[in-house]
Amino acid sequence: MTNAYGYINGRVRMLRADLLPGRVIEDAANAANYAEYLRSVSETPLREDLGEATAQEAGLAELDAALSHNYLRSVQHLRSIAVGQPAREVEALLLRYDVLNIKTLVRGVLAGRSSEEILAGLVPAGTIPWPVLQAAASATDVASLAQTLAVAGGKIGGVLRAAVSGGAGSLLDLEVALDQGYYRAVLASVRGVNVRRYFTREIDVRNLLIARQLRGTAATNRYFIPGGREVSESDFLRIAGGDNTVGDPQLQAILEAPDLASAEFVARRLLDEASRNVAMSDALGAGVVLDYLRRKEQEIAKLRLIGRGKYYNLPADELRKELADV
């Protein structure tokens, strides 16, 4: 029997060939000014999405729209080539962007940011329709945000609604509830051994970061995310209580990082490596798609960051420092 991922992954590898090489990102970062940055991007496969971004009076709003359009087009293409069980697994992988977007909405609403500021931080991917996200960005409080997402916000919108109805009010309460619902939904949908192993790794990483964040407070298991492999609930409570050891040497690096920001950087790099590994070991599974989505997300994030840096004349050293965190 022909493996459905044989065809899909062949197409995804063609999409991956269009991702910008590191030297092109570096050329964009080295551009002398915003106009030169735009010219650099216009010489890449993204040129057909730039549209009004290169107009004389255009600014960051037009650039954001162009990058979002490119990102959305890539995701739509990915969806168009997947059918059957692979299509269901692709939808499960796209839940990552639903949870990222809803976290951005929650943070923005709690911080009192404008809808324009919130929209600028959303990722134009995932399963939640863009008009629904736009409407949600205008919410004035978390209760109304949850109400807006309850109907058309998909699985993760339902998770937010349940968390708010259950009394979750703090940012940490809401974010952990979203993570718990997200990983529960993903693990119920993906079947491949390799891609499931990636997600158990991601859960371990998330639990360690939450445990570090909880230090100095009364440790509680309600913030633990089930489904990991190396970090048990008792490990989570022990580390949240101040212990600084875990059996896996790579995960240990997260605990040894000097502060939470450094730990998050170590975690991102660890998951980048895990994503690359699953793409190589999962030639006939969802791992190639997972890795492509992660690489595309980073490409767009870097181009957006460089664009802002050039637009506001950010010093080169400062821009490089911020790029290193993407």
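In which helix does Asp173 lie? Asp173 belongs to helix 11 (residues 171-189); helices are DSSP runs of H or I of at least four residues, numbered from the N terminus. The model is predicted, with pLDDT of at least 70 required for local features and 80 or more for side-chain atom pairs, while totals for chains, interfaces and linings use all residues. Residues are numbered from 1 along each chain as its sequence is written, and side-chain values use heavy atoms, without hydrogens and water.

Asp173 counts as buried because its relative accessibility is 18%. Buried means under 20% relative accessible area, exposed over 50%, and partly exposed in between (1.4 Å probe, protein chains only). The Asp173 side chain forms polar contacts with the side chains of Arg222 at 3.3 Å and Tyr223 at 2.6 Å. A polar contact is a pair of N or O atoms within 3.5 Å; within protein, one must be able to donate a hydrogen and the other to accept it, and residues adjacent in sequence count only if both atoms are side-chain atoms.

Salt bridges number 20, each a side-chain nitrogen of Lys or Arg within 4 Å of a carboxyl oxygen of Asp or Glu. One of them joins Arg107 and Glu175 (2.5 Å, N to O). This pair links helix 6 to helix 11 across 68 residues. Arg107 is partly exposed at 38%; Glu175 is buried at 9%.

Asp272 and Arg294 also meet in a salt bridge, at 2.8 Å, N to O. Asp272 lies in helix 15 and Arg294 in helix 16, so the pair ties together parts 22 residues apart in sequence. Both residues are buried.

Conventions: Helices (H or I, at least four residues) and strands (E, at least two) are DSSP runs, numbered from the N terminus.
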